[in-house]
Amino acid sequence: MSGIEAIVGAGLAPYLALIVFGFLPSEVWRVLGVFLSRGLDENAEILVFVRAVATTLLAAVVAKLLVFPSGALVLVPLWARLGAILFGLGAFFLARRSMIAGVVAGEVFLVAAATFAIETP
Amino acid sequence: MAEPAPDAGPAAATHSLVWRGARDALALPAWVVGFALVGVGSLAQGVGYPLGATMLSTLLIWAGPAQVVFFGSLAAGVALPLIAAAICLSSIRFLPMTIALMPLLRRPGQGLLAQIAIAHYIAVTVWVESLRRLPSMPAQERLPYYLGFANACILTTTALTGVGWFLSGTLPAPLASGLLFITPVYFTIALAAGARTAVDVTAIVLGFLLAPLFGHLVGRDFDLLFTGLVGGTIAYLAGRARRRRKA
């Protein structure tokens, strides 16, 4: 029995575990958002505040992914992760706000730095 | 829908709006979020999750960071209820995101289940792009466009999650880290592209700075909650003070 079967079991169990412990705890926020936004006009003042909170949260998620990475990103040093973000942002603005230029530039920087860091530890 | 809505007027046909949304998604955003989740597919295969359930995780959870928490915690042997709690805390952003977007998509006569189904598509890519594109569109054109856009994103990403499952273990480490890096770099650039007001810019900067700070102060479970509330409130109040001065 592999490690995963010890936790979630075999057969349909992985699907059930996914729904109960992955899907529902995440989806509850979207459903709650549907209820709390009822009757709100698209120009309501409260939406300015709600958008500010959402934008802050998105930036916070990025910061967490960069500062506390997981998986293969752990192998890439912090300076390279932060440098790649700044490089991508710079390319985005230099290329007249082209999102694809920004993403590609950030990726090239990171993969190059990762190759360097992983092969010369 | 067999009959056009009474206020449809001379608006573009529904199916052409759906296609326009799908086409705009496939021009870039759907691929970015899709490739970002290749890494999730690889991670899930690595912990022994079946292909079907792995792809279903994209269709159902539709949140890269939460999926990484789910499969990563399973790999680490974390108990399922604790995984559920971590996912719940990591997905808290969907609450303000949904509240902010739904007023743009709500139409007269829409049932509650339909609204919940509409809200299910909300994730960073769809949210940022919708907030950018929908406000200038006529109200009756928004939903079909949104559904075309969002379905193209989620279906492309589900397929690429499956590709990642098959690629697991075959990717060199630098490429694997590059795939995982798509999420932070794309989020950052999407935020920069979507920022129009001083409130947006303040919120982005505060989110970046406060998250690691609260991560140390309150721990990595409740840091997002604190960052969102504190940073969002400061950004909003600063923006309001600015508007008052101008007025």
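In the predicted model described here, residues 72-93 of chain A are 73% helix and 0% strand, with end C-alpha atoms 28 Å apart. Residues 100-118 of chain A are 100% helix and 0% strand, and their end C-alpha atoms lie 26 Å apart. Both spans are among those that UniProt, in an unreviewed entry, gives as "transmembrane region", namely residues 6-25, 46-66, 72-93 and 100-118 of chain A; such annotations may be inferred rather than shown by experiment. Residues are numbered from 1 along each chain as its sequence is written, and chains are lettered from A in the order in which they are written. Local features need pLDDT of at least 70, side-chain atom pairs count only at pLDDT 80 or more, and totals for chains, interfaces and linings use all residues.

Chain A holds 5 helices and 0 strands, in the order α-α-α-α-α from the N terminus; helices (H or I, at least four residues) and strands (E, at least two) are DSSP runs numbered from the N terminus. The C-alpha trace of chain A spans about 55 × 50 × 20 Å along its principal axes. Buried residues account for 48% of the 121 residues in chain A, a residue being buried if 20 or more other C-beta atoms lie within 10 Å of its own, exposed if 12 or fewer, and partly exposed in between, with C-beta atoms placed from the backbone.

Between the chains, 72 residues of chain A are in contact with 86 residues of chain B, contact meaning C-beta atoms, placed from the backbone, within 7 Å. On the side of chain A that touches chain B, α1 (3-8), α2 (13-36), α3 (45-67), α4 (78-94) and α5 (99-119) each supply at least two residues, and α3(A) gives the most, with 21 residues. This side comprises 50 nonpolar, 14 polar and 8 charged residues, where Ala, Val, Leu, Ile, Met, Phe, Trp, Tyr, Cys and Pro count as nonpolar, Asp, Glu, Lys and Arg as charged, and the others, Gly among them, as polar.

Most residues other than glycine have a negative phi. A:Arg97, in the loop between α4 and α5 of chain A, has a positive phi near 60°. A:Arg97 counts as exposed because it has 12 C-beta neighbours inside 10 Å. B:Trp62 has a positive phi of about 50° and lies in the loop between α4 (51-60) and α5 (64-75) of chain B. With 28 other C-beta atoms within 10 Å, B:Trp62 is buried.

Notes. Two residues are in contact if their C-beta atoms, placed from the backbone, lie within 7 Å.
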